[in-house]
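Good morning, and thank you for coming. Please take a moment to look at the structure on the screen.

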Amino acid sequence: MPTPRSGSFDDLLAWGSGMLANGGIADARREARLLLGHIGKLTTEDMLAGRVAGLGDDVTQAYGASIERRVSGEPVSRIRGFREFWSLNFEISPATLDPRPDSEHVVEAVVKRLRERAIAAPRLLDLGTGTGCLLISAVSEISGATGVGVDLSAEAIHTARRNAARLGMADRTRFLVGNWAATISAQFDAVIVNPPYIVSRTIDELAVEVRDFDPKLALDGGYDGLACYRDLAPQLRRLVGESGLVAIEIGIAQSTSVTSILAAEGLEVVEVVPDLAGIPRCIIGMPGPG
């Protein structure tokens, strides 16, 4: 891969855009700008206004390396080391899923329901927390809310703790290593879950950005994509007591199956929340009658 020559911001941006376009990256210029801004520690305002001085050889070389990584399929978020979610910047690591915009619908649904119930200091539990983005985002929206995040990966838990500290949520959240809720005995006002739900045999068909860079542990939902829902359902009922709610993300065409799995454990689906494309994305469940 050719390397960029030292030059102006415009020259480097044009070079990077061309390399990404030739590599099949759809939004080449925007991604080239994001990477150059990250490598050069440039603000969006300065780039748009043209207030950028000459960039040195160190920036040029690092930018060239980042463009090469992107052409190989590595997402911009992985190269930069963070993803914006719920208007907050979350550090990501090899052990964490790269947060998706669709998951913001889970946060929105939880916040809406808890506000409607006017609980003074709601307690939240986030199973499979990863970066902590769901828990931290929800807690940040509700005054007095606190929460616990659990993940099987110790590295993911370290990442979540760093995110909580950097975003000012360390005193309102705790993060624990565990296998779902096996070590959790308390009850919560809301339990949030974004489990792996990709059918095992289809993982190799995913986009390279997902297949090669997201941890398989956070993707693989078993032979039919529903294995984790079956494992979780018996635990969820005890975690929400008689009045708590469950907000659980689902994959495409999984709404009916997950509803049945929850119903078998005494949880009634009270709302199915669609994403912006109208696809069912989040199920809200509560303890059913009897």
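I shall speak about salt bridges and then about aromatic pairs.

This is a predicted model, in which local features need pLDDT of at least 70, side-chain atom pairs count only at pLDDT 80 or more, and totals for chains, interfaces and linings use all residues. Residues are numbered from 1 along each chain as its sequence is written, and side-chain values use heavy atoms, with hydrogens and water left out.

The structure holds 15 salt bridges, a salt bridge being a side-chain nitrogen of Lys or Arg within 4 Å of a carboxyl oxygen of Asp or Glu. One of them joins Glu 209 to Arg 70, at 3.3 Å from N to O. These partners come from distant parts of the chain, 139 residues apart: Glu 209 belongs to helix α9 (residues 208-211) and Arg 70 to helix α4 (residues 57-71). Helices here are DSSP runs of H or I with at least four residues, numbered from the N terminus.

Is Arg 70 buried or exposed? Arg 70 counts as buried because its relative accessibility is 6%; buried means under 20% relative accessible area, exposed over 50%, and partly exposed in between, with a 1.4 Å probe and protein chains only. Glu 209, at 25%, counts as partly exposed.

A further salt bridge is formed by Arg 237 and Glu 242, whose closest N and O atoms are 3.5 Å apart. Through salt bridges that share partners, Glu 31, Arg 70 and Glu 209 form one network.

I turn to the aromatic rings. Rings of Phe, Tyr and Trp (its six-membered ring) pair if their centres lie within 6.5 Å; planes under 30 degrees apart count as stacked, over 60 as edge-to-face and the rest as tilted. The count by this rule is two aromatic pairs. The Phe 85 and Phe 90 pair is edge-to-face because the ring planes stand at 75 degrees, with the centres 6.2 Å apart. Both Phe 85 and Phe 90 are buried.

Methods. Helices (H or I, at least four residues) and strands (E, at least two) are DSSP runs, numbered from the N terminus.
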